[in-house]
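Here are my notes on the model, as numbered points. Please read them with the sequence and the coordinates open.

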Amino acid sequence: MILDTIVADKKKRLVEHKERISEEEMKALAAACDRESVSFYNALAKDGLSIIGEFKKASPSHGKMDNKIELTDRIDMYNASVDAISCLTEEDHFLGSVDYFKQIRGISNLPMIRKDFIIDPYQIFEAKVIGADCILLIAAILSDRELKLFYELAYALGMDVLVEVHDEQEMMRAIGLDAKIIGVNNRNLKDFTIDLHTTRKLAQMLPEETLLVSESGVMKDEDILFLKQSRVDALLIGTVFMEAENPQALAKHWKELV
């Protein structure tokens, strides 16, 4: 399964990262950070549909993105139209980097989530250092112990957490964690197929006070309307924004639909 390959590659990358900056040094850098996080939770909790605009260079399911605008122009458009920004920092399969994250952080005041395959506390300390307001924790790659430990560490550092789930079992684990923000990935990680009904099905399990983010598969107006009827608070939109000539206009149009 591709998820196993990504995690294996991430473990190799972590060895390289820790050789450049040790875990103790990264932990000290995080403790010394005086930047006050912008609430990712509040950005999604307000009335109406919130949109998280993503920046990524590629994905295993899609390949390289057909980017039509430069990073700075894209972020200018995101600043004017979306509620938060997601930036991929996974190097091997999404062609991301912390350098992209830091570049975007320098030109946007929107809350930002570090989207990566987090398997080590080191990455959480690093997220704080690069200016993340939120991190992604993927239930499918973490034990209950790791999920709880990483969740509590992120909040101790002043960041929010988006806990990503794919099925009923993972949803129950996220609910047991009392996660404030749960993201449902509509993509089957075994065969990459998309089914927006995954969000609708799992939304029925969600506590009323928990924010719901639907991830993957939004391509057209009908998808927006379907997901809004599925009790979502926010949508995380990647590929279609990355390949749009005017993501600002598209985000504005989709917000007006609901």
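1. Contact is used throughout for heavy atoms within 4.5 Å. Among contacts in the protein chain between residues at least 6 apart in sequence, 69% join residues at least 24 apart. The model is predicted, with local features reported only at pLDDT of at least 70 and side-chain atom pairs only at pLDDT 80 or more, while totals for chains, interfaces and linings use all residues. Residues are numbered from 1 along each chain as its sequence is written, and side-chain values use heavy atoms, with hydrogens and water left out.

2. Overall make-up. The protein chain has 12 helices and 10 strands; these are DSSP runs numbered from the N terminus, helices being H or I with at least four residues and strands E with at least two. The radius of gyration of the protein chain is 17 Å, close to the 18 Å from the globule rule for 258 residues, so the chain is as compact as a globular protein of that length. That radius is taken over C-alpha atoms, and the rule is 2.2 Å times the number of residues to the power 0.38. Along its principal axes the C-alpha trace spans about 50 × 40 × 35 Å.

3. Surface and burial. The accessible surface of the protein chain comes to about 11,400 Å², and 49% of this belongs to carbon and sulfur atoms; areas come from the Shrake-Rupley method with a 1.4 Å probe, and for residues only the protein chains shown count as cover. Of the 258 residues, 54% are buried. Buried means under 20% relative accessible area, exposed over 50%, and partly exposed in between (1.4 Å probe, protein chains only).

4. Nonpolar core. The largest nonpolar core has 85 residues, and the members that touch the most others are Ile124, Ile135, Leu137, Val163, Val165 and Phe241. Such a core is a set of buried Ala, Val, Leu, Ile, Met, Phe, Trp, Tyr and Cys residues joined through side-chain atoms within 4.5 Å. Beyond its neighbours within four places in sequence, isoleucine 124 contacts Ile118, Ile135, Phe150, Leu153, Ala154, Leu157 and Met159.

5. Helix 8. Which residues of helix 8 (residues 168–176) are buried? They are Glu170, Met171 and Ala174. These residues lie on the same side of helix 8 because they cover an arc of only 105° around the axis, the arc being that of the directions from the helix axis to the C-beta atoms. They pack against strand 7 (160–165), strand 8 (181–185) and helix 9 (197–203). On the face turned away from the buried side are the exposed residues Gln169 and Gly176.

6. Ends of helix 8. At the start, a side-chain oxygen of aspartate 167 comes to within 3.3 Å of the backbone nitrogen of glutamine 169. Aspartate 178 follows helix 8 and sits in the loop between helix 8 and strand 8. Aspartate 178 has a positive phi of about 60° although it is not a glycine. At 60% relative accessibility, this aspartate counts as exposed.

7. Most residues other than glycine have a negative phi. Leucine 95 is not a glycine, yet its phi is positive, about 55°. Leucine 95 lies in the loop between strand 4 (84–88) and helix 5, and it is partly exposed at 35% relative accessibility.

8. The loop between helix 5 (98–105) and strand 5 (112–115). Serine 108 lies in this loop and is buried, with a relative accessible area of 4%. Its side chain makes a polar contact of 2.7 Å with the side chain of asparagine 79, and reaches the backbone nitrogen of leucine 110 at 3.1 Å. A polar contact is a pair of N or O atoms within 3.5 Å; within protein, one must be able to donate a hydrogen and the other to accept it, and residues adjacent in sequence count only if both atoms are side-chain atoms. Not counting residues up to four places away in sequence, serine 108 touches Ile75, Asn79 and Ile85.

9. Isoleucine 107. This residue lies in the loop between helix 5 and strand 5 and is partly exposed, at 34% relative accessible area. Leaving aside neighbours within four places in sequence, isoleucine 107 contacts Leu71, Thr72, Ile75 and Asn79. The C-alpha atoms of isoleucine 107 and asparagine 79 are separated by 8.9 Å, with the two residues 28 apart along the chain.

10. Threonine 239. This residue is found in helix 11 (residues 239–242) and counts as buried at 17% relative accessibility. Not counting residues up to four places away in sequence, threonine 239 touches Lys56, His62 and Met65.
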